[in-house]
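Let's take a walk through this protein together, one piece at a time.

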Protein chains: 2
Amino acid sequence: MVTQENQWQVLFQSPSSAARLGALKTNHGVIKTPAFIPVGTKATIKSLTPEDLEVLRVQIFFANTYHLWLSPGDKAIKKLGGLHEFSHWHGPIITDSGGFQVFSLGRQSFRLRQNNNGAGKLLKINNQGAHFRSHIDGKKLFLTPEKSIEIQFNLGSDIILPLDDCSPYPLSRRQAELSLARTHLWSQRSLQRYQELKKMASQPPLIFGIIQGSYYQKLRQQSARFISRLPFAGLAIGGVSVGEPKEKMRQAVGWIMPLLPADKPRHLLGVGEIDDIFDFVRMGIDTFDCVLPTRLARMGKLMVKKKPWFIDITKSKFARDKKPIAPSCQCYACQNYTRAYLHHLFRERELLGYRLATYHNLYFYMELMRKIRQAIANNQLNELARQYGVSG
Amino acid sequence: MVTQENQWQVLFQSPSSAARLGALKTNHGVIKTPAFIPVGTKATIKSLTPEDLEVLRVQIFFANTYHLWLSPGDKAIKKLGGLHEFSHWHGPIITDSGGFQVFSLGRQSFRLRQNNNGAGKLLKINNQGAHFRSHIDGKKLFLTPEKSIEIQFNLGSDIILPLDDCSPYPLSRRQAELSLARTHLWSQRSLQRYQELKKMASQPPLIFGIIQGSYYQKLRQQSARFISRLPFAGLAIGGVSVGEPKEKMRQAVGWIMPLLPADKPRHLLGVGEIDDIFDFVRMGIDTFDCVLPTRLARMGKLMVKKKPWFIDITKSKFARDKKPIAPSCQCYACQNYTRAYLHHLFRERELLGYRLATYHNLYFYMELMRKIRQAIANNQLNELARQYGVSG
C-alpha cells in the first residue's frame, strides 16, 4: 500500500522564495499546485455544471459537510453513490469537518436570538463534541470528531478534515490555550476513527490535519509541531480567514511556515484575495479555498487585474459600456458579452447574470493560478505579482 | 424587393387535418413550423446562454417590449447594436407591442392599490393610446401604436406586433365591440408607421397583425376578415391565452381558422400547454409562444410525457430517486443527473437547479415540436398525440 505521504510530490522549489510547484494525487485525479479551490457548499458551484468547471480547468472543489449532513444527509448521499455520482462532478472534492458552520451559526444565533424555533440557539461545546440545533428545523444534533469523519466517509470525499475548535477572533491567551488543547485532542480522535474506517474502505480519502493557535506565536508554533508529527497526509492552517487584519494573517502564517515539513502539502483555509494568494504562495502555501470569487460574482463584482480586483457591474456607469468585463480576458463571458448586457442582467436579477459572473470570476482565478505556476517555474513570480498590483 | 408574403412558404398540407408544415424566413434565419417560441422577456431566456438555445434547437425567442422599453430602454439597446448584438443571440427574435403588460400591470395595480409611489396606478386608455405609470419608478408614460412600432424598430426585432386593446376576460358584447374597433384602428395606424420606418431600414422586420374579438363569434370573424385583408406578413390570434377555459379557447380559434388565408403564417399568442399544441396544430396554427416551460421549470415542475405533463421535483418522494427526470429523455439534464439531485438543488434553491430544469423543459418542447413536424409529414399526428395522452 502506498503511504499517504507518497500521494504528494514537490516538483520544483523556487530558489527565490518558499514558493513551490507540487502534485497531489487523490482518488479522483491529480491536483497541480499552487491551486485555488472554489467552494461548492451544497455539492454544486452555484449556477455552473461540472462540464463548465472542466472547461474552466477547476481541479477540485470544496463542499461543506455541515450543510450536506443536514440536507440531504450523508447517508442519503452514500445511497445515491457518494458526492461524485450525486453531483456528476468526477474530479477531486475536499470537505471540511462541519465544525466551522456549527460554531459560527451557533454564535450568530446566540447573538441575534432571532429564531423562534430555537434553531441554532443551543451551542454547547465540551471535550466530547458540540451540541447544537439545526439552523433548518431546530433539531438537536451532536457533532463529535468521530462523527465528522464518519460523515465525510459517507460523502465519499477525496480529502477530509478533522473537527477543530473554531474559536472567534480575538481570543484571550487562556481561551486560546484551552481551544488549542481541544483541537489537538480532537485531531487524535479523528485520526483514530479515520484509521479504523480506512481499513474497511476500498478508496479511502486523504486526511489533512488542522493547525490552530489563534494569534499567539507560541501556540501557533506548538500546534504546527504537534499536527505535523501526526500521520496526516497534509496540513491545513485554520483560524486566519478573510475579514481578519491582513498583517496579522501573514504574521501568524509566517511563524509556522519554517516549522512545516516539505513533504506534506499545505492548505490555507478560507483565504483567497488576490494579494493573499501571491503573498502566501511565496510563503510556501500550496492550496487555498475561498468563497470570494463565487460570492463576489453573485454580488455583481467581476474580477479585473487592477486592485481591488473587481468592478461593480451594478453601477450605472456600465449601462452603456460596450467593453467586455476585463479587456484581455479570454473567457466565454468576456468574449461574447458587454458590460452593458451584464449590467442589465444584474439590474434585472436575471439568472444568466449570476452564471456569467461566476464563470468569469472562476476563469480569472484559474488563469491566475496557471500563471502563478508558470511564474514559479520561470522564477518570475514577483514580476507577475506586480502585474496584479501586488508588491513584488 | 421581396414582398412580405414571400417570406412564408407552406411546405406540406396535411390531408387529414388543417395541420401544415411551413418555413418562415426572417432577417436572422428560417423558422420551421409548427414551432414553439420560448419567452425571454428581458432579452434572456432565464438561466440559459444563446449557445444552450442552439444546442436545444430553439429557433426563435419572444422578448417583451414593455420591459425592454422601461429598462434598459429601446434607445440604449439600439446604441448597443440592437437586441441580437446586446443578447449575443443571433437567431430570430419576435417582440410584442408592450400593450399586454401595460394593460395587465395597470389593471393589477388598480385592483391591488399596493404601490406607494403610484407605479402602475394610472391606466387611461383612449383611442390615442394608453397612459400609464411605470411599474418600476412610477414615471408617467404614454404608449401609442406608432410609439410601439418605433420601439420595436429600435430593438431590432425580426417579427413585430402592433398595439392592440387587451381587454380582460370576460367582456360584455358592447365593451368587446368598442375594444375591437380600437384594435382595428390601432392596427391601421401601426401599419402606417411600419411602412414609413420600413423605407428607412436596411433590414426591416416582418409585422404580424393581431386578431381579437373576445369570445363573440361575430366579432372574432369580423376581426379575422379585417386583419387578414391588411398587408401584414402573418396573423396572430390574441385574447385566448393560458388560464381561460380550454373549450372556449378552442371554440374561439375554431370560428376563425376557416377564414384565414393559407398564405400567411398563423401565430397563437400566449398558448402552449401540451394538449393545446396538439389541438391547435391540428386546427392550422403554425407558431406558439408561452412562458409555460420556462416558468414551470423555475417552480420545479419538470416535463414528462404523461398528463399533466410534469412532475413536481420539490416533492419529498423524489429525495432518493435515482431515475432521470424523464426516463426516455436524451437531454443533458436527464443524461447526467438524478431526480434526487434535482430535488436537492430545488430544496436548497440552488441556481443550477433552475438552469437544469429550464434546459430540460425546453428540450422537451423542442423535441415535441420536432416530432410534431415529422408526424405531420408522415400523417401520424393523431398517433403522436395519443403518446402524450392527448386524444387523437
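In chain A, the C-alpha centres of domain 1 and domain 2 lie 28 Å apart. Domain 1 of chain A is made of the stretches 4–33, 64–93 and 149–290, while domain 2 covers 298–387; bounds like these come from an automatic or database domain assignment. Where the two meet, the contact takes 13 residues from domain 1 of chain A and nine residues from domain 2 of chain A. On the domain 1 side, helix α10 (residues 274–282) of chain A gives the largest share, five residues. Sorted by class, that side has eight nonpolar, three polar and two charged residues. For the classes, Ala, Val, Leu, Ile, Met, Phe, Trp, Tyr, Cys and Pro count as nonpolar, Asp, Glu, Lys and Arg as charged, and the others, Gly among them, as polar.

A word on what you're looking at: this is a predicted model, where local features need pLDDT of at least 70, side-chain atom pairs count only at pLDDT 80 or more, and totals for chains, interfaces and linings use all residues. Residues are numbered from 1 along each chain as its sequence is written, and chains are lettered from A and ligands numbered from 1 in the order in which they are written. So what's pLDDT? It is the predictor's confidence in each residue, from 0 to 100. Chain A averages 94, and 95% of its residues score at least 70. Residues 110–116 of chain A are another story: pLDDT stays under 50 there, and the model has six contacts for them beyond four places in sequence. The model scores 0.95 for ipTM and 0.95 for pTM.

Now for the two chains. The same surface serves both copies, as 100% of the contact residues of chain B recur in chain A.

How many residues does each chain give to the contact? Chain B gives 31 residues and chain A gives 31 residues. On the chain B side, the elements giving two or more residues are α3 (74–79), α4 (82–87), α13 (339–347) and α14 (351–377). The largest share, five residues, comes from α13(B). By class, this side of chain B has 13 nonpolar, nine polar and nine charged residues. As for the labels, helices (H or I, at least four residues) and strands (E, at least two) are DSSP runs, numbered from the N terminus.

Let's stay with α13(B). Eight of its nine residues are buried, so this helix is largely enclosed by the rest of the structure. "Buried" is when 20 or more other C-beta atoms lie within 10 Å of a residue's own; 12 or fewer makes it exposed, and anything in between is partly exposed, with C-beta atoms placed from the backbone. Among the buried residues of α13(B) are Y341(B), L342(B) and F346(B). Their cover includes α4 (82–87) of chain A together with α14 of chain B. After α13(B) comes R349(B), with a positive phi near 50°.

Strand β11 (residues 206–211) of chain B is worth a look too. Six of its six residues are buried, so β11(B) is largely enclosed by the rest of the structure. In a regular strand the side chains alternate between the two faces of the sheet. Here L206(B), F208(B) and I210(B) point one way, and I207(B), G209(B) and I211(B) the other way. Two bridges join β11(B) to strand β10 (residues 159–160) of chain B, and the two run parallel; pairing takes at least two bridges found by DSSP. Four bridges link β11(B) to strand β12 (residues 234–237) of chain B, also parallel.

Methods: Contact = placed C-beta atoms within 7 Å.
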